[in-house]
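This report covers a ligand shell, a pair of domains and a helix packing.

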Amino acid sequence: MNMQANTGNLKQLDKSHHLHPFTDFKDYATNGGRVFSRAEHIYIYTGDGHKMLDGMSGLWCCNLGYSQQGIVDAVTEQMQQLPYYNNFFQCSNQPAIELASALVEVTPDSFNHVFFTNSGSEANDTNLRLVSRYYQLQGRPEKKLIISRKNAYHGSTIAAACLGGMGPMHEQTNGIDYVHHIEQPHWFEVGPDEDPDEFGLRVARLLEQKIDELGEANVAAFIAEPVQGAGGVIIPPDTYWPEIQRICNERDILLIADEVICGFGRTGEYWGSETYGIEPDLMTFAKAVTNGYQPLGGVMVGDKVADVLLSHEGEFAHGLTYSGHPAAAAAGLATLRILREGNIIADTAANIAPHFQARLRELEDHGIVGQVRGRGMFAAVELVRDKASREPLAAESAGALFCRNSANDLGLMVRQTGNAMIIAPPLICDKGEIDSLVDMLGQALDVTAKHYGV
Ligand code: PMP
């Protein structure tokens with residue numbers, strides 16, 4: 001098919017029939033969007049020929065970019081061999097088995113089991129099922145409250161949306177009553193007048209207060225992303241995670257690390273939990289496990305939970321038709337092989353991430369930049385009208401939206417969250433590509449500053 005010739009028609013069909021996630025349907029039906037037709041290395045191309053550097057790795061998932069033939073071949077071969085079979089009713093398949101054991105090899109020693117899903121949202125739903133089974137089997141069914149954080153993102157199924165702390169998602173969901181939220185460790189927004197380390201301790205201790213308020217006997221688990229991703233790449237102060245860990249160790253609750261964005265190298269190690277010295281009982285993964293080439297997620301189940309689950313009889317009444325789908329598992333295996341054989345995570349952490357972070361920090365001199373924060377291969381750039389007062393550039397995130405659109409027009413795919421620009425490029429970028437990314441972002445900041453007269 002001649003994509004170029006058909007782009008106009010596709011755009012029209014898209015507007016007429018396709019409801020897009022996290023999109024204003026009315027606006028899209030009128031104005032439409034970009035239709036992508038191909039991708040190569042770290043670049044994405046629209047049908048009408050616009051080339052963009054993908055500064056978001058798709059949706060934080062294509063950590064190895066778009067030209068990984070090894071993954072394509074593995075999926076193709078698997079589709080020819082065994083395109084589908086389920087893992088229910090005492091059945092299994094080779095790629096799912098091999099991926100389970102490969103994941104055990106790249107996770108901390110206390111993780112020896114995995115439950116597969118198709119997405120991060122389903123994996124977090126699975127966490128809730130696992131946690132309640134864990135306590136029920138021990139005769140403690142009253143332990144069912146979950147503590148999460150404001151502005152967290154844990155997915156978009158009803159349970160995952162309620163676990164998350166995004167206001168608009170709660171407003172559009174009939175909530176579940178057993179999830180409670182505490183403040184997030186977002187120093188720039190929540191505690192700018194405090195010393196960052198003291199702020200980190202103070203907000204961590206809110207967990208302890210919440211456990212006391214709800215009653216330790218009723219609280220099942222605390223869930224958190226090592227670094228909040230969708231909420232705005234919120235890098236916690238160094239004091240935060242050790243204090244959270246202390247509280248979880250002292251109190252009788254499980255710790256769930258949602259590694260859907262942090263996992264597979266984004267923070268510099270395989271897991272954000274390693275970067276921050278977190279010892280979770282359960283870890284959620286998805287996205288980069290297949291480099292985004294196939295839908296796959298899951299829960300790494302730590303020994304503390306697995307020992308209880310495996311030592312009791314009775315069926316775990318939970319599962320998905322595509323749990324451990326052979327083609328998705330083959331994509332996961334190939335992705336892990338590439339990461340390991342190429343030593344990509346450690347190489348990127350040593351060579352590219354420091355350059356990426358240093359180049360972005362240069363933007364702190366820009367007149368509309370209030371803060372640059374980041375770790376490993378993701379970062380946020382906060383836009384302000386006034387650096388001292390941290391007044392946002394424009395009301396209702398309009399400044400960051402304008403900046404994002406300007407960057408997109410310049411050929412850079414980045415994202416906006418609140419008043420911040422979000423950047424999470426593929427781990428395989430070289431230094432020159434990082435330079436182009438930062439240069440384009442700088443130009444977008446210039447255009448934005450000019451537009452707002454700052
Ligand atoms: N958890 C986190 C931390 C995420 O960032 C996301 C997706 N952005 C999810 C869960 C949900 O994953 P999915 O979209 O695959 O359901």
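## Ligand shell

The shell around the ligand holds 5 nonpolar, 8 polar and 2 charged residues. (Ala, Val, Leu, Ile, Met, Phe, Trp, Tyr, Cys and Pro count as nonpolar, Asp, Glu, Lys and Arg as charged, and the others, Gly among them, as polar.) Of its 15 residues, Ser119, Gly120, Ser121, Gly155 and Val260 come nearest. A residue is near if its C-beta atom, placed from the backbone, lies within 6 Å. Helix 6 (residues 120-137) gives the most to this shell, with 3 residues. Helices (H or I, at least four residues) and strands (E, at least two) are DSSP runs, numbered from the N terminus.

The model is predicted: local features need pLDDT of at least 70, side-chain atom pairs count only at pLDDT 80 or more, and totals for chains, interfaces and linings use all residues. Residues are numbered from 1 along each chain as its sequence is written.

## Domains

Domain 1 spans 34-67 + 343-451, and domain 2 spans 70-341. The bounds come from an automatic or database domain assignment. Their centres, taken over C-alpha atoms, are 26 Å apart. The contact takes 28 residues from domain 1 and 24 residues from domain 2. Contact puts C-beta atoms, placed from the backbone, within 7 Å.

On the side of domain 1 that touches domain 2, helix 15 gives the most, with 5 residues. That side has 16 nonpolar, 8 polar and 4 charged residues.

## Helix packing

Helix 16 (residues 398-410) and helix 17 (residues 431-451) meet through residues including Phe402 and Leu410 in helix 16 and Met440 and His451 in helix 17. The residues of this contact divide into 9 nonpolar, 5 polar and no charged.

Notes:
Axes fitted to C-alpha atoms, helices over the stretch in contact; angles between N-to-C directions. Contact = placed C-beta atoms within 7 Å.
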